[in-house]
Amino acid sequence: ELAHAERFMAVVKANAYGHGLPEIVTAALAAQVDGFAVATLDEGVWLRHFGVTLPIYILGVTPANQANILAEQQLTAIVPSLNWLNEALAALTVAQKLPVSIGVDTGMGRIGIRDEAELLATVQTLQAAVDKVDFQAIGMHFATADGAGTDQAYFEKQMARWHALVDPLDLPATVIKHQANSASALWHDQVIAHDMVRVGAGMYGFDASSGVLEARATQPVLSLKAELVHVKQVAAGESISYGATYTTTEPTWIGTVPVGYADGYARLLQGADVLLPDGQRAPIIGRVTMDQLLIALPTEYPVGTVITLIGRVGQEEITLVDLADRLATIPYEVATGLSPRLPRRIVN
Ligand SMILES: *Cc1c(COP(=O)(O)O)cnc(C)c1O
């Protein structure tokens, strides 16, 4: 589905959704993406320092008084309002042009222009300032593309507002129109603008709809693994970890895994399973601590045994969606919560 788009923009905000920015950017460059999107100016500057020369969009609002940095680094800023544009133009003193993409709010209600007259004035201001700005694109964001059923109506409402606001502008073909995130690109292919898609979840291979919509042929690229650092057998009636919330009822082999909530493995995941190298599941017993957690082993396993907290072993799999379901949240939050302390490694 995604292949229909003319340009693929890899969304790598928030440390590439917790996957690790340098690793993902390197892989995305090798896969010949057409550009990157981040949330903040700092993230954009980081990418330039890393050596990225492709277009980089900043999806959040950058303070207008940072216009010179945006222009010098050639980072494409979202224009969220006519006021912002006027302030940015006033602040701009460098020779480079300021690259911009107009943000249109069709119902996400977050950032962007909602008003027809303001939108027209913004376009006219940009066209009058061709020597100072590089008017690259105009975009919007869907609020419900990853939902099912009644949300289709809201999706269509946003689409209708887009056409009502943008079609009369009669923009030159050089201005890229972009609408779709992963969910819209994967599930609403027939109606989206195909100039460019902005893809995060779909690139990382987790289900943006958390199982609500029909599965797509994507593979999760992230696994979280750790080696057992300590293994022991304790007698029946022994308590494990803070608060003594878990007490053994029989002699039990216990493994210590050096991952905790400071790594982004939430404390509320007490009771979740991990996978052993033979694909067997082992439960997390007792409280997850800041840096370590405990698992009940079916038998003795050696120190150094690889434990899979997220990922696949044989036919068994623990996904970001599984953990998100346990935590009553979405896989995005679990992934972006994985802390920088965890070493990232690209495998095969
Ligand atoms: C985060 C974000 C995306 C990427 O969304 P996915 O669901 O991960 O594909 C696209 N566009 C905007 C404006 C975003 O904020």
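Me: A polar contact is a pair of N or O atoms within 3.5 Å; within protein, one must be able to donate a hydrogen and the other to accept it, and residues adjacent in sequence count only if both atoms are side-chain atoms. Which residue's side chain is joined to that of H163 by a polar contact of 3.0 Å?

Reply: Quick ground rules: this is a predicted model, where local features need pLDDT of at least 70, side-chain atom pairs count only at pLDDT 80 or more, and totals for chains, interfaces and linings use all residues. Residues are numbered from 1 along each chain as its sequence is written, and side-chain values use heavy atoms, with hydrogens and water left out. H163 is found in helix α7 (residues 151-166); helices are DSSP runs of H or I, at least four residues, strands are runs of E, at least two, and both are numbered from the N terminus. The side-chain partner of H163, at 3.0 Å, is D167.

Me: Is H163 buried, partly exposed or exposed?

Reply: Buried means under 20% relative accessible area, exposed over 50%, and partly exposed in between (1.4 Å probe, protein chains only). H163 has a relative accessible area of 37%, so it counts as partly exposed.

Me: How many helices and strands are there in the protein?

Reply: For scale, the C-alpha trace spans about 80 × 45 × 35 Å along its principal axes. Buried residues make up 49% of the 348 residues. The secondary structure of the protein comes to 11 helices and 18 strands.

Me: On to the ligand. Which residues come nearest to the ligand?

Reply: The shell around the ligand holds 13 residues, each with a heavy atom within 4 Å of it. Six of the shell residues are nonpolar, four polar and three charged. Nearest to the ligand come K13, Y17, S182, A201 and Y332.

Me: Which elements give two or more residues to the shell around the ligand?

Reply: The ligand takes the space of the second largest pocket. Elements giving two or more residues to its shell are α1 (13-17) and β8 (196-199).

Me: What is the phi of N15?

Reply: N15 sits in helix α1. With a relative accessible area of 27%, N15 is partly exposed. Its phi is positive, in a residue other than glycine, and lies near 55°.

Me: And S241, what is its phi?

Reply: S241 is in the loop between β11 (239-240) and β12 (246-247). It counts as partly exposed because its relative accessibility is 26%. Though not a glycine, S241 has a positive phi of about 70°.

Me: Why does N181 count as buried?

Reply: N181 is placed in the loop between β7 (176-180) and α8 (182-187). Its side chain makes a polar contact of 2.5 Å with the side chain of S184. N181 counts as buried because its relative accessibility is 16%.

Me: What separates the C-alpha atoms of L89 and L126?

Reply: L89 lies in helix α5 (residues 82-91), and its relative accessible area of 12% makes it buried. Along the chain, L89 and L126 are 37 residues apart, and their C-alpha atoms are separated by 9.5 Å.

Key. 1 Å grid on protein atoms, 1.4 Å probe; cavity = no way out; pocket = protein on both sides within 12 Å on 5 of 7 lines; lining within 4 Å. Sits in = over half its atoms within 2 Å of the grid points. Nonpolar A, V, L, I, M, F, W, Y, C, P; charged D, E, K, R; others polar.
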